[in-house]
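I opened a new structure today and kept notes as I went. Each entry says what I looked up and what I found.

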Amino acid sequence: MSNSSPALPKSNRFTKHKGAREWQERVIEFVLFLAGFSCVLTTFAIMEILVVESWHFFQTVSIVEFVTSKDWSPLFEPPGYGILPLISGTLTTTAVALSVAIPMGLIAAVYLSEFASGKLRETVKPILELLAAIPTVVYGYFALLLVIPILQWLYSFVGPTLSNIFPAIFPVEMSGFNMLGAGVVMGLMITPMISSISEDAMRAVPNMLREGSYATGATKLQTALQVVFPAAISGIFAAVILGISRAVGETMIVAIAAGLQPNFTFNPLDSAATMTAYIVQVSLGDLPHGTIQYQSIFAVGLTLVLITLVFNILGYFLSKRFREIY
Amino acid sequence: MAPAELSAQSLSPAHNAVSRRQLISSSFAILGLLVIFIALMVLLALVTSLVLQGAPRLNWKFFTSFPSSDPLEAGILAAWVGSVLVMLTTMLFAIPLGVAAGIYLEEYAPKNWLAALIEINVTNLAGVPSIVYGLLALGLFSQQLNLGESVLTAGLTLALLILPIVIVTTREALRAIPNLLREAAYALGASRWQMIWDHILPYSFGSILTGIIIGMSRAIGETAPLITIGALTFIAFLPPLPIQPEFPFISFEWLTAPFTVMPIQMFNWVSRPEQEFQVNAAAAGVVLIVMTLTLNGFAIYLRYRFRKGVKW
């Protein structure tokens with residue numbers, strides 16, 4: 001080629017615009033890069049806002065009080081700034097939600113992936129996804145006006161007896177705002193998410209493994225639980241962890257149905273505020289910028305982000321540890 | 001026949017064990033069906049109870065009235081107009097930014113730490129609770145950039161919130177296009193951007209659109225981040241119209257107007273003690289569910305259609 005190139009004219013109509021085109025390509029690539037980089041900027045902005053405002057908060061309140069005191073009452077005199085009641089509320093509603101969502105989600109996933117016919121799966125999956133698409137404020141309405149009244153009615157049969165035996169745990173009547181109702185509804189909300197992601201993970205297990213298992217005489221259930229489930233465990237962990245972060249960060253259901261009084265308790269029958277519900281409660285009022293109460297929602301937000309981060313990192317390592325590659 | 005009967009008899013313990021295991025297996029299938037049935041019943045119960053409760057309020061007046069202290073007079077005019085305006089603003093920011101970021105990550109990004117950093121951040125942002133975006137908006141847009149409690153602040157907040165959804169679905173859509181097409185375009189002398197703009201984007205348009213619609217349906221029901229920035233709940237006026245009768249004819253004043261949206265209006269009604277306002281909340285819930293389910297149904301239809309139509 002090298003001896004033929006001098007024969008070409010220095011600039012013909014094909015090469016004339018090459019420089020300009022190259023330059024245009026560079027510009028486009030840079031613009032696209034900036035768009036991608038906006039995600040990094042968003043993360044930095046979130047951390048910057050949370051850390052700076054929390055820093056102001058911790059100028060007034062000691063970190064030791066924040067993480068050890070069981071009194072959270074920033075809006076009263078004298079104010080208390082111990083986040084433990086908000087954390088207990090968040091963990092209790094999350095635990096209730098998971099005890100609904102994990103069994104339901106995983107059973108549905110195993111059924112849809114291993115038992116159901118293709119047609120049933122293709123019909124049910126989008127409908128379940130609709131369940132996850134309903135706005136959370138509607139779920140909050142559902143929890144407050146439908147689920148809690150039903151739970152109250154059911155509890156009225158066992159409540160008086162139980163409160164005689166364990167008066168410390170069981171109240172005589174169930175409160176109109178409680179973590180059980182909020183948690184159950186939250187569980188129903190995250191069930192489709194857990195089932196959908198775990199089902200995808202199980203469907204990705206190669207058929208070879210199933211056929212091998214059937215060949216040894218295993219039933220469908222044995223194959224599903226002892227072969228497919230362990231093979232897909234990394235994806236299933238990922239689904240559960242996503243469910244946990246979703247439940248920890250869920251706001252409207254708990255703000256509507258779990259009550260807004262901070263309460264250091266792990267009893268789901270009580271009403272208590274979660275971290276997210278506190279942020280909503282403060283935002284509904286009209287707090288001036290720069291007050292300690294205004295800063296407190298950023299400190300709570302930072303705690304919330306750190307908790308979800310811990311779960312996400314945990315999930316990352318768990319799914320890496322158990323990943324199987326075929 | 002006799003030897004066969006004999007062996008069947010001697011095999012009967014094993015046979016029993018097999019049929020027991022089969023029985024367990026089929027009863028699990030019934031359990032699975034039951035769980036799915038319960039989930040679907042919940043969806044049905046939710047929609048039915050909302051419709052039954054809200055039905056008396058669902059009339060033309062409900063859509064054309066402002067909120068009021070009298071539940072019978074109160075309506076969702078400010079809320080639905082607000083929702084539409086906020087959604088427009090969200091789309092304006094989220095679609096170009098998300099699609100561009102998706103294209104960068106899938107078609108351009110070299111394998112280096114910078115691309116990995118972007119990728120980790122996209123995954124991470126998808127897991128950040130929505131209320132934290134509200135805190136970001138309160139601190140950054142509302143206070144530092146001084147945008148206040150405006151439609152623009154809300155739109156930017158929700159755009160950031162759905163950005164990961166748009167990016168991830170864009171990437172998936174681009175990944176589904178076989179490399180054959182890229183190589184064919186290059187072979188004809190197309191530059192990378194020409195290849196993407198003229199060939200890859202048109203082919204993946206349907207799937208990208210599906211992702212955008214799913215993101216919009218998420219944004220339309222999002223309440224918490226907008227409460228955090230202090231969206232007012234009692235708004236008895238509409239933002240200025242974008243089209244004006246006098247000279248420049250187009251006005252962007254609506255971007256800076258205070259607003260309320262459907263989910264906030266519903267939250268406001270739910271948290272009132274009076275029974276009558278719960279009816280309003282239910283009616284607003286019905287409208288909200290119709291909005292999100294329509295968007296989602298459309299997305300599912302699109303996904304189905306494009307999956308069926310294209311064979312590589």
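This is a predicted model: local features need pLDDT of at least 70, side-chain atom pairs count only at pLDDT 80 or more; totals for chains, interfaces and linings use all residues.

Entry 1: Residues are numbered from 1 along each chain as its sequence is written, while chains are lettered from A and ligands numbered from 1 in the order in which they are written.

Next I listed the elements of chain B. I took helices (H or I, at least four residues) and strands (E, at least two) as DSSP runs, numbered from the N terminus. Chain B has 12 helices and zero strands. I then looked at contacts, where two residues count if their C-beta atoms, placed from the backbone, lie within 7 Å. Among contacts in chain B with a separation of 6 or more, 77% join residues 24 or more positions apart.

**Entry 2: helix α1 of chain A.** I checked the length of α1(A), residues 18-60. The expected span of a helix is 1.5 Å times one less than its number of residues. For the 43 residues of α1(A) that gives 63 Å, and the end C-alpha atoms are 63 Å apart, so the two agree.

Where does α1(A) bend? I found a bend of about 30° at G36(A). The bend is the angle between axes fitted to the seven residues ending at a residue and the seven starting there. G36(A) is also among the buried residues of α1(A), as are L32(A), C39(A), I46(A) and F57(A). I looked for what covers the buried residues. The cover includes α12 (292-321) of chain A, and from chain B it includes α4 (77-108), α5 (113-126), α6 (130-144) and α7 (151-175).

**Entry 3: where the chains meet.** I counted the interface. 69 residues of chain A are in contact with 67 residues of chain B. On the chain A side, α1(A) gives the largest share, 20 residues. That side divides into 46 nonpolar, 18 polar and five charged residues. For these classes, Ala, Val, Leu, Ile, Met, Phe, Trp, Tyr, Cys and Pro count as nonpolar, Asp, Glu, Lys and Arg as charged, and the others, Gly among them, as polar.

**Entry 4: domains of chain A.** I noted domain 1 (17-60) and domain 2 (64-321). These bounds come from an automatic or database domain assignment. Their centres, taken over C-alpha atoms, are 33 Å apart. Eight residues of domain 1 of chain A are in contact with eight of domain 2 of chain A. The domain 1 side divides into four nonpolar, three polar and one charged.

**Entry 5: helix α4 of chain A.** I turned to residues 118-133. The 16 residues of α4(A) reach 23 Å from first C-alpha to last, close to the 22 Å expected. Which residues of α4(A) are buried? They are V124(A), L128(A) and L131(A). These cover an arc of only 35° around the axis, so they sit on the same side of α4(A). The arc is that of the directions from the helix axis to the C-beta atoms. On the other side of α4(A), G118(A), K119(A), E122(A) and T123(A) are exposed. The buried residues pack against α3 (84-115) and α6 (179-203) of chain A, together with α2 (12-54) of chain B.

**Entry 6: three single residues.** I picked F66(A), in helix α2 (residues 63-68) of chain A. F66(A) counts as buried because 20 C-beta neighbours lie inside 10 Å. Leaving aside neighbours within four places in sequence, F66(A) is in contact with V61(A), Y81(A), G82(A), I83(A) and A299(A).

Then I took T90(A), in helix α3 of chain A. T90(A) has 28 C-beta neighbours inside 10 Å and so counts as buried. Beyond four places in sequence, T90(A) is in contact with V248(A), T274(A) and M275(A).

Is E107(B) buried or partly exposed? With 19 C-beta neighbours inside 10 Å, E107(B) counts as partly exposed. E107(B) and L174(B) are 67 residues apart in sequence, yet 8.2 Å apart in space, C-alpha to C-alpha.

How values were computed:
A residue is buried if 20 or more other C-beta atoms lie within 10 Å of its own, exposed if 12 or fewer, and partly exposed in between; C-beta atoms are placed from the backbone.
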